[in-house]
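Please examine the sequence and the structure shown below.

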Amino acid sequence: MYSKINTAVSWGIEGLGIKIETHILRGMPNHILVGLPSTVIKESKERVRSAIKSIGVKFSDDRIVQNLYPADLKKEGSHLDLPLAIGILACTEVLNGKSFDKLGFIGELALNGDIQPISNVLSLIEGLVSAGISHIVMPYDNRVESRFINNVTIYPYSTLQELVADLASESLKKEVEQEKYDFIEFKRNESEFENDYNEVYGQGHALRAMEIAMLGRHNLLLIGPPGCGKSMIAERIPSIMPPLSINERIELTKIYGVADGETKGMIKYRPFRSPHHSISKIGLVGGGMKVLPGEISKAHNGVLFLDEIGEFKKDAIESLREPLSSGKVQLSRGGRSLEYPSQFMLVATMNPCPCGHFLSKSGLCNCKVQSIKNYMGKLSWPILDRIDMTVLMDAVDLSSELSEGKSSQFIFQRVEAAGDFKRERTSEKMRNQGQQCELGGEFLNQTSIEIIKRYEQKGKLSMRSVVKLVKIARSIADLEQSLIIEKKHIFEAYTFLSAQVMKKFFI
Amino acid sequence: MQNYIINYWLLEESLLFSAPIRKNILNYYSDYNHIKWRHLLENWKDLMKSNVACPFSEKELQDVRARMVDQLKHYTHENRSILTPYSQYFSNVLKNSHPKVNLIYAKGDVNLLNSKKVAIVGSRKPTAYGRKIAYDLGRYLAQQGITVVSGMALGIDAQSHKGALDGGGQTIAVMPTDIDTVYPKTNIAIYNRINSSANLILSEYREQSEPKHYHFPLRNRIISGISDLVVIVEAGEKSGTLITAAHALDQGIPIVSVPGNITSELSKGTNRLIFDGALPLFNFELILELLDVKPQIHKRLSVDLSESARIVYEILLKRKKMTLNDLNFATCLEYSEINAALNELILEDLCDFVSLDEIELT
């Protein structure tokens, strides 16, 4: 007796449709799995046997051979339990003769026959869809995620018993249609954020930098002595991040689905990842035996925060070069070559020198030039080049008077409004309005161009810095909802090329 | 003058006499200027009190001399010149220095030697404190119209030159090599800045070569010798900088020493100098007082500024030095406006950052 069941395995963050063939032959009782199954799948045999027995069906005493097609592809994941079990049952009298050509199955089995939720459902469903299967049986607890994919019919089941009964009577129960979009809309809830920017004392210029960086997704480096509030400011980034779009949520959920059981269910917020500085290169960019995504992919569409970037391993930091410019990372290992998206915004902090007080008002620094140069040299030029904005901070004098800080809510709304303006501006209709002078693809007025020229003449700007300057100035203009980059925007943007300021103090 | 230079070259460099013979000749004629070569050749045996004949014929001597006259053009064309003790720029102090200074090669504006000059010297590997003092002092003096003298070494020297140039003033670099060799190479940027404007580069050495170890202490006697005042910024207990101080003491040039943290290695030398009687530099105005120079009033505003830049500038005029937080509180401007205003002012050279978040009027 022979059966063929459709299912899928994940390949990077994509899914790939595969088939499970089952053949029950005469011979010594045995259950053989072929087609490059991983250890998890080999262990499936025991779960499948128990689950089938526990729903009151006799497990075949004959020789069972199951083949995972295509046979040369390494397969991972416990979600093959259900299709394996259905494959065996389809060869017995319980489901004999039924054709499952149009159906796809995914799900993990408990020993008592329950169908357990799995991770990475979205990629698997997409894999089945791309293989031409649009009717999918899957764990009941995963139904929320499946609602994000259109044009598929989902049959959520929580026990093998129910499923087998419905398959036998050819009356599968569909997902209730009207529930479909209820879960998709997701509202920002202020109380969900532990920290707020109004708790930051002073450092208004750093908050302003955050606002600009968040809008333009500029990479940002905060430099300052210990205790001046660099980490405090960075840790509050989640409270001003704009909400995710549906497509971004789907993409992120797929990434997290692959990354070893991180999350089950949909991702709600933009990720904010802050790995400790002991992280390895593989932990950061991804890879390893299973070629899993690293922190940079987990921070896709969000923020990767590297506190004390100078303390990170040199090779780990250097490996960020290509992902920082291309927004994706290509990993190859053991014949597998996978690509993960990694469009993260880098936020990093560091001290200006080994003791931390160089150029600080406190005047405590006793470091020699060479040791400061060595310390700053931990960040190579290629990495510094990819960091658009640098913010210099000093400890706040507690005796001085300060204006009240802005709340996260206020900054968030400004960034939101500016984001809307930016989207509208980049649309075709606005593109040709108010056009004056173009530099780096952006529109500037004549005085702005003159200012940039003056900076160039003073030897304070390289060509690459001009591009950065215009990029930052564009974000500042967006915050003010101005179509043209004006003089004041250029001037403000120049603040964030503080590498210039730092350079002044060295020979 | 020309005679002096050529005789010096002939005697000291070209003719390869032994040291005792050179000494003999110089003693007899008392000065390079007065050497009579024909007379010397005729009376060689008497003068040398020996029977060995002069190794040169008169013809050979004339040839070498002609070559020297040719070379002289190279050292005096355009902005180059050679200073001798007969030159008006050669101070009495320099003439009486020990070892004697015979010639100085110069490139640039030699009139600077008649201005008020302050030497700033110190360690090659200074701390952040020393670097800051050297830069700020160089800049301050430049703005007050005082010429800054130093040796273009790494560290304090480079910072003081840089401060003077950034402050829009003039500076004199005394090289341990010849005037066309950049030493150390990393200071090429500063060398070019000094070379390309109305500054002055001096050296005792003619040949292009790497400096010898004994050039450095000798160079220091020129630094102190041409200055009206020597400021020692940072020095270890046994350092080359203290050699400059010793030269200054010999030459009778007043020494001002920058006091420092007593735990800092590089302040041990300077603090000791204060103990030994040098004046402590407790503020920059002290130098003006010692040189009898009147401080200049701050320049008036002549450029068009935007509204917010004007507000920030006016408050800076009152308070001189402010942090970004202070500015935000005092002006009630947003940080976006403050940053834009500050960069506008910095571009006009009206103020600049002096620490991570502090701004000071220039």
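## A helix crossing in chain B

In this predicted model, helix 1 of chain B passes helix 5 of chain B in a right-handed crossing. The axes of helix 1 (residues 2-14) and helix 5 (residues 58-76) of chain B come within 10 Å, crossing at roughly 120 degrees.

On the side of helix 1 of chain B, the residues that take part include Ile5(B), Ile6(B), Trp9(B) and Leu10(B). Helix 5 of chain B contributes, among them, Leu61(B), Val64(B), Met68(B) and Tyr75(B). By class, the residues of this contact are ten nonpolar, five polar and one charged.

## The surroundings of helix 1 of chain B

Several residues of helix 1 of chain B are buried, including Tyr4(B), Asn7(B), Tyr8(B) and Leu11(B). The buried residues of this helix pack against helix 2 (19-29), helix 3 (37-42) and helix 5 of chain B, and also against strand 1 (80-83) and strand 2 (104-108) of chain B.

Just after helix 1 of chain B, Leu16(B) adopts a positive phi of about 55 degrees.

## A parallel sheet in chain A

Chain A contains an open sheet of five strands, with parallel pairing and the order 11-14-17-10-18. Strand 11 (272-273) and strand 18 (389-392) of chain A lie at the edges, each with a single partner strand, so one side of each has no neighbour in the sheet.

Strand 11 of chain A pairs with strand 14 (residues 303-306) of chain A in the parallel sense, over two bridges. Phe272(A) stands opposite Val303(A), a residue in strand 14 of chain A.

Definitions and conventions: Residues numbered from 1 in each chain as written. Chains lettered and ligands numbered in written order. Predicted model: local features only at pLDDT ≥ 70, side-chain atom pairs only at ≥ 80, totals over all residues. Heavy atoms only, no water. Axes fitted to C-alpha atoms, helices over the stretch in contact; angles between N-to-C directions. Helix = DSSP H or I, 4+ residues; strand = E, 2+ residues; numbered from the N terminus. Left-handed = near helix turned anticlockwise from the far one by under 90°. Contact = heavy atoms within 4.5 Å. Nonpolar A, V, L, I, M, F, W, Y, C, P; charged D, E, K, R; others polar. Pairing = 2+ DSSP bridges. Buried < 20%, exposed > 50% of the residue type's maximum accessible area, 1.4 Å probe, protein only.
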